[in-house]
Structure formats: structure tokens, C-alpha cells
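Biologist: Please show me the sequence and the structure, and then let us examine them by question and answer.

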Amino acid sequence: YIDPRTNKKGEIISYRIRVSRGYDEKGNRLKPYFMTWVPDKGMSQKQIEKELQRQALLFEERCNAGEQVVSSKLKLKDFIPQYLETVEVRASPTTLHFYKRVIDTHIIPFFGNKKMQDIKPMHIQNFIKYLTELKPEHSSPTNDTDKLSPSTVRRYLTVVQSIFKLAHKLEIISANPAKAEKLTIPRGVNPRIEIFTKDEAAEMLKCLTEEDLQFQTFVQLAIITGARRGELAALKFSDFDYDACKLTISRAAIKISGQPIQIKPPKDYEVRTVTINEHCIELVKMLREHYEREKARLGSKWAGDEWLFTQWNGEIMNPQTPTKQFDKFLKKHGLRHRKLHSLRHTSATLLLYGGINIRQVQQRLGHSELETTQKYLHYLGEADKEAVNVLTDMLEPSKGKEISIA
């Protein structure tokens with residue numbers, strides 16, 4: 001069987017060739033052999049058809065010779081379309097965009113022409129060495145060298161490991177050469193989670209009252225709900241239960257360069273309902289009244305669809321916009337710089353410090369794994385140390401000072 005594979009424009013970019021394997025002893029259909037063939041650029045349609053038939057016949061012959069022979073002939077670059085077809089079902093658009101960029105820019109040029117079965121841990125280790133010598137595409141405040149940081153190298157390596165993990169799972173290769181235990185991987189320092197202290201958060205919220213209503217609402221909801229930037233950007237007025245002070249988070253907005261804003265389920269598909277305070281509800285109501293006035297003023301130019309955070313004409317706001325606004329806001333008021341995502345970290349830490357059960361915090365933040373929430377417990381220990389230092393300063397007598405006993 002030969003099936004053409006198309007891109008979003010409907011253009012054929014590859015062909016998937018499948019050969020049936022029949023049935024096992026129990027009568028269950030066996031998974032077919034399959035391969036992906038990508039035509040060379042510049043080939044005419046007639047040349048493609050002729051070569052496609054040749055590839056199909058050769059593949060069928062190899063299949064008749066046995067599975068190991070089939071696997072040994074497959075090149076890494078020819079497995080990539082099948083790999084992407086598999087991961088795009090579960091990967092977010094941003095993750096898929098990153099994977100494709102790493103594959104096209106680094107993985108295929110480095111060992112795309114190698115046969116999958118011939119790639120050993122040594123080749124993966126050489127790829128790691130290649131990555132460590134690359135110059136970063138963008139400057140980073142956490143990287144003070146002209147080489148890729150260890151954390152970035154590990155991110156790129158994750159794509160390679162994902163490719164070979166799937167190939168091994170599908171029995172295309174007999175062993176996975178990219179397993180972490182077979183490699184020496186650069187160690188990176190885990191980035192410190194940035195949070196606002198209680199005093200800093202209070203000062204920030206005080207300064208916030210001088211800002212525009214939409215920005216006020218965004219920041220207040222960010223720190224009260226602990227929601228992610230994209231989840232907040234995709235909120236609609238219909239997501240709020242005004243009487244019960246509840247908010248349901250069921251989608252997220254993402255923006256990939258050169259593409260329109262996309263809506264997807266929240267990370268890990270964690271749809272959740274959280275309680276918010278009356279102040280946030282009042283801000284949301286005020287924002288809705290503001291949009292009603294703008295809708296009446298703009299008439300047919302208004303393109304809104306119940307979005308809570310919008311552009312001038314009611315269209316959904318670019319989810320990257322609040323990051324820039326937050327940076328300007330902190331500079332304007334002379335507040336210590338923190339990333340917008342720090343509001344999420346701050347919300348989690350303050351909840352735990354206030355005695356809220358860790359599983360409640362996990363559910364509120366939409367973490368699929370409890371371990372993700374537990375990373376905030378470290379800061380409770382720091383807060384406890386600060387507390388005892390304050391008590392010590394208050395209660396212990398100063399050195400050299402006599403203690404009077406009444």
C-alpha cells in the first residue's frame with residue numbers, strides 16, 4: 001500500500017509504503033512493515049512515480065527477507081517523517097515547532113544519512129560534543145559564555161532521545177543508542193525559581209492600581225490563580241461564574257513566529273475550576289462594561305469573540321504581549337525585575353506558606369505530577385530560616401549589653 005503524505009497546503013511531501021505481515025498464530029493481525037520515502041527536490045511527477053514504484057518493490061523484497069534486514073536499511077532522515085507524524089498527535093504546536101527546528105537545523109545535517117541501525121552511543125556522544133561547541137542563537141542572562149548552555153544542549157538532546165526511543169519501540173532498531181545511561185551529558189545548574197516576597201507582591205499590587213484596566217486584571221488573575229500566561233490570554237467572559245467566584249481554565253493561547261494565534265487545550269490537558277476573590281470578579285465585570293462601550297463605538301470594526309484580553313478591536317490578545325507589558329511596568333515603578341511567570345511561582349509558594357495542602361495547590365496550578373508542585377517546598381524552608389533569624393534578632397540580647405532583672 002502506498003499513501004501520499006501532504007503538508008498543510010495540500011502539497012505531497014512524502015509517501016508511506018506499507019507491506020502486510022499477515023497474522024500470528026492466534027489469528028491477530030501483525031503490524032505491517034512500513035517506510036517513508038521522500039522525493040528529491042526537482043524531480044518531475046513522472047520521475048517520482050517511477051522511483052516510487054521502484055522503492056516499493058525493493059522494500060517488499062527486503063520485507064520478504066525479514067524484519068532485521070528492513071530495519072538495517074532505514075536511514076535516520078527517512079524515519080523522521082514517520083516520527084513527526086507520531087509525535088504531532090500529542091505534542092503541543094510550540095513543542096512540535098521546536099522539534100522540527102532542531103531536526104532540520106542540527107539532527108539531519110549531522111547524521112541524517114546514517115542508517116538507523118548503524119548509529120551507536122558514540123555517534124550520539126559526538127553529537128553532544130558538536131552541540132557544546134555551537135554558538136547560541138540568542139543571548140541569555142543565565143549564560144555568560146559564547147557556547148550553548150548545558151541546559152540548551154540537554155533540550156536539543158531530548159529531541160534525539162525521543163526519535164530513538166520511538167524507533168526502538170517500533171522495533172526499527174534493536175537497541176536505543178541515546179539512552180541517558182550510555183552518554184556523558186553536560187550538567188547544568190537548575191535555574192532558581194524567581195518569586196516575589198509577600199512585601200514585594202503587596203507593593204507591586206499597590207502600583208498596579210495606576211495601570212490600565214486590562215493589565216490590572218491580567219496581573220491580578222495571574223497571582224490569584226497561578227495560571228500560565230497562555231491560559232490567561234485565552235480566557236473568555238463565559239469562563240467565569242460571577243456568583244460563585246469561580247473560574248474554569250479550559251484552553252490556552254500560543255503564538256509561533258510567522259503563524260496566527262492558536263488555541264489549544266491547557267498543558268497536560270488539565271482543565272480545572274478555581275476559586276478567585278471578589279476583587280477579580282469586579283475587575284472582570286468592569287472590563288466587560290468597557291468592551292461593551294468599545295463595541296458600540298467601533299461598530300463593524302469590532303471583531304471580538306468574548307475574549308477577556310484583547311487587541312484594540314476585540315480580537316484575542318497576543319499571549320506574548322503581557323510579558324513585554326510586565327517588564328515595562330516593573331521598570332516604571334522601580335520594582336525588582338522578575339519574569340511574568342514568577343507570578344505563578346509566587347502564587348504557589350504563598351499558598352503553601354499559608355498552609356494550603358500541597359495536593360490542592362497541585363490541582364489549582366494544573367500540574368499533572370505532584371513532583372512538579374513539590375519543587376516549591378524548598379522555598380518554605382528558606383522562609384522558615386528567615387523567620388527564626390527575625391525571632392533571634394528580636395529576642396536575643398545584643399552583645400555586650402547587660403541584662404537587667406527586675
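**Residues in loops**

Biologist: At 13% relative accessibility, does C245 count as buried or exposed?
Modeller: In this predicted model, side-chain atom pairs count only at pLDDT 80 or more and local features need at least 70, while totals for chains, interfaces and linings use all residues. Residues are numbered from 1 along each chain as its sequence is written, and side-chain values use heavy atoms, without hydrogens or water. Buried means under 20% relative accessible area, exposed over 50% and partly exposed in between (1.4 Å probe, protein chains only). The 13% of C245 therefore makes this residue buried.

Biologist: Where is C245 found, and what is its phi?
Modeller: C245 is in the loop between β4 and β5, the latter formed by residues 246-249. Although C245 is not a glycine, its phi is positive, at about 55°.

Biologist: Which residues does K236 touch?
Modeller: K236 sits in the loop between α9 (229-233) and β4 (240-241). Its relative accessible area is 17%, so K236 is buried. Contact means heavy atoms within 4.5 Å. Not counting residues up to four places away in sequence, K236 touches R251, D305, E306, W307 and L308.

**The chain as a whole**

Biologist: How many helices and strands are there in the chain?
Modeller: Helices (H or I, at least four residues) and strands (E, at least two) are DSSP runs, numbered from the N terminus. On that basis the chain has 15 helices and 8 strands.

Biologist: What percentage of the residues count as buried, and what percentage of the accessible surface belongs to carbon and sulfur atoms?
Modeller: The chain has 406 residues, and 39% of them count as buried. The accessible surface, found by the Shrake-Rupley method with a 1.4 Å probe, comes to about 24700 Å². The part belonging to carbon and sulfur atoms is 50%.

Biologist: Among contacts between residues at least 6 apart in sequence, what percentage join residues at least 24 apart?
Modeller: The count takes in contacts between residues at least 6 apart in sequence. Among these, the part joining residues at least 24 apart is 57%.

**Helix pairs**

Biologist: How are α7 and α8 oriented to each other?
Modeller: Axes are lines fitted to C-alpha atoms, for helices over the stretch in contact, and angles run from 0 to 180 degrees between N-to-C directions. The axes of α7 (residues 198-208) and α8 (residues 213-225) come within 10 Å and cross at roughly 160°. Angles under 35 degrees count as roughly parallel, over 145 as roughly antiparallel, 65 to 115 as roughly perpendicular and the rest as oblique. The two helices, α7 and α8, are therefore roughly antiparallel.

Biologist: Which residues make the contact of α7 with α8?
Modeller: The crossing of α7 and α8 is left-handed, that is, the near helix is turned anticlockwise from the far one by less than a right angle (clockwise would be right-handed). From α7 come A201, M204, L205 and L208, and from α8 come F215, Q216, V219, Q220 and I223.

Biologist: How do the residues of the contact of α3 with α4 divide?
Modeller: Helices α3 (residues 76-87) and α4 (residues 93-111) pack at about 170° with axes 11 Å apart, and are therefore roughly antiparallel. On α3 the contact involves L76, K77, I80, Y83, L84 and V87, and on α4 it involves L96, Y99, K100, I103, I107, I108 and F111. Ala, Val, Leu, Ile, Met, Phe, Trp, Tyr, Cys and Pro count as nonpolar, Asp, Glu, Lys and Arg as charged, and the others, Gly among them, as polar. The division is 11 nonpolar, no polar and 2 charged.

**Two arginines in helices**

Biologist: How far apart in space are R364 and R272?
Modeller: R364 belongs to helix α13 (residues 358-365) and, at 18% relative accessibility, counts as buried. Its contacts beyond four places in sequence include I224, V274 and R272. R364 and R272 are 92 residues apart in sequence, and their C-alpha to C-alpha distance is 7.2 Å.

Biologist: Which residues does R229 touch?
Modeller: R229 is found in helix α9 and is partly exposed, with a relative accessible area of 33%. Leaving out residues up to four places away in sequence, R229 touches F218, P319, Q320, T323 and L340.
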